[in-house]
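The sequence and model come before the text.

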Amino acid sequence: LRYFPLSSGKKNCYNIPLPAGRYYIRTFTVYDNYDGKSHSPSFDASVEGTLVFSWRSPWPESLTRDGAYSDLFAFVKDGLLDLCFYSIATDPPVIASLEVVQIDPLSYNSAQTGDSYILVNYGRLSPGSSQWGPGFTSDPDAFGRSWQSDSDYRAGKSESAKVITTKEKITGTEKAPNYFPMKLYQSAVTVEGHLEYELPVDAKLDYLVWFHFAEIDSTVKKAGERVFDVLVNDKNVSRVDIFKEVGRFKAYSFNYTEKNLSSSVLNVKLSPVAGAPLICGLENYAMVPADLATVPEQVVAMKALKDSLCVPDRMGWNGDPCAPTDWDAWEGVTCHTNKNGTGLVITQIELGSQGLKGYISEQISLLSNLINLNLSTNSLDGTLPIGLGQKSLARLCAFTLNWQKYCFITVCAVDFWNSLLQDLSDNQFSGSIPESLTSSNLQLVRLNNNLLEGRVPEELYSVGVHGGTIDLSGNKGLCGVPPLPDCPLFWENGRLSKGGKIAIGLSCFLFVAVLLLVIYLFCIRRGRNDYDFGLPSDLISLAAKRNRYQRQKSLMLLEMESQHAKGLPSVPLNPH
């Protein structure tokens, strides 16, 4: 067997991946003094978030030694079967075997009863036989059902009932959707007078009762020779003539639902009309309404938080966070029914001083009904996720003194449902405070003694101004609100602030504008010089004088050449 010590938490679960459908689920439970303490444990078991089995100490001696099977029919809709055990006091739950068989979804009248009920076996009798079926004999049953003798449940004169058996083939068996085995109809009991059964049950539930018949007595030759009434708690529910309904050696079954049973015994009586009553099988199932479950997206969020916060096993964060409603929710978690009454939602998480290590998952944004979050005095790090800004959140606490209790009582007395509280103090959170926190209805904020930095949103600081409580001390990097220091003009959170980015943007714009203006003016000025070019007046006069000098020099040279041609002696131009 397996047992679940308290070190693994009060709630432990098997999570079995399965296709969506209907399943027959059977457990075998035994104690047999495995721990030498001679103390059989007290615990509950649930399937798909609904309480189905309860074991209370002390167990009967035979049960303690030999164990017992328990079984039910349930629908699995989300592709994962949850079978959970919940410890009562300090007792460790135990289990010796678990069997799961997929069955016809239309079995046991589900078309009428729907898929919102779990059918828990309160008695599956095979009159005229000893216990048989899987776990006891090799006789087959398509669903894996086991059948027990009826002798312990007969009442009054029925204890002397006569057993009838046959080896003839019974037709109409092994057929959809219930696949009742042939062996069930090959034995029966009958008695002169009333045939009566008393089945132990729990009050205040509905019970689905199935009756099985086959005319296997060869002395009955025609209709009307065996007729009897079926009464449940003295109410006549049917008159039966097996031969008239199906003839001989053929299976005949019908079911009846007893509503809101007020007693602890279900009485079944077959009262003769003609001949002696006869029965081949009797089944009794409690119709347990499926309990409310945590809404799927919040289950996803809580499982992500379990992983990211490294929640220890001793806290028992297994299965559905809120269901069954008969049990406590996950340790440190408080749940309520949602507004339309269709599911459960998480409203409070109290995990202060639990030795948590890790970070806050972004999936926390799916907890849209969260009112109070306390993760104070742990060893959490990383940044604060944007998802902390739920409008429902009223308290964000992170301190460790009794002052926290005072704040909680005060806020609850004012408006518990419309305010939010967060305590994340005494951790190692870093980065900036997300702007999303300013959109919530926070009334208490404890972020002290962390590694946060950057500007504090003014809307968040206003929590203290409007009657709430806020503590941001012990974060050397925070700035912007009293009594914290002013933030650098252009630097924030280890990077450029929004104002710095704007300033740089404006500077770049002005530089580019001035540069374009200079280029524009230069191009315009040059264009004008190209089309209206003229030398200054002083340059014109200088050029004129130079031209006159060149003309005079040329005339002198021509005159000297003519004189030389006439034979005159030449005169050097530059005599020494």
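## Burial and overall make-up

Of the 576 residues in the protein chain, 45% count as buried, that is, under 20% relative accessible area with a 1.4 Å probe, protein chains only. The chain holds nine helices and 35 strands; these are DSSP runs numbered from the N terminus, helices (H or I) of at least four residues and strands (E) of at least two.

The model is predicted: local features need pLDDT of at least 70, side-chain atom pairs count only at pLDDT 80 or more, and totals for chains, interfaces and linings use all residues. Residues are numbered from 1 along each chain as its sequence is written, and side-chain values use heavy atoms, leaving out hydrogens and water.

## Nonpolar cores

A nonpolar core is a set of buried Ala, Val, Leu, Ile, Met, Phe, Trp, Tyr and Cys residues joined through side-chain atoms within 4.5 Å. The largest one has 76 residues, and Leu-72, Tyr-197, Phe-211, Phe-213 and Ile-279 have the most contacts inside it. Strand E15 (residues 206-213) supplies the largest share, six residues. This core lies between domain 1 (1-102) and domain 2 (119-291), because both give residues to it; the domain bounds come from an automatic or database assignment.

A second, separate core of 40 residues includes Ile-360, Leu-367, Leu-384 and Ile-433.

Strands E16 (residues 227-232) and E17 (residues 235-240) pair in the antiparallel sense over five bridges; pairing requires at least two DSSP bridges. Val-230 has Ser-238 in E17 as its bridge partner. Two residues lie between the strands, and Asn-233 in this hairpin takes a positive phi near 50°.

Technical notes: Buried means under 20% relative accessible area, exposed over 50%, partly exposed in between (1.4 Å probe, protein chains only).
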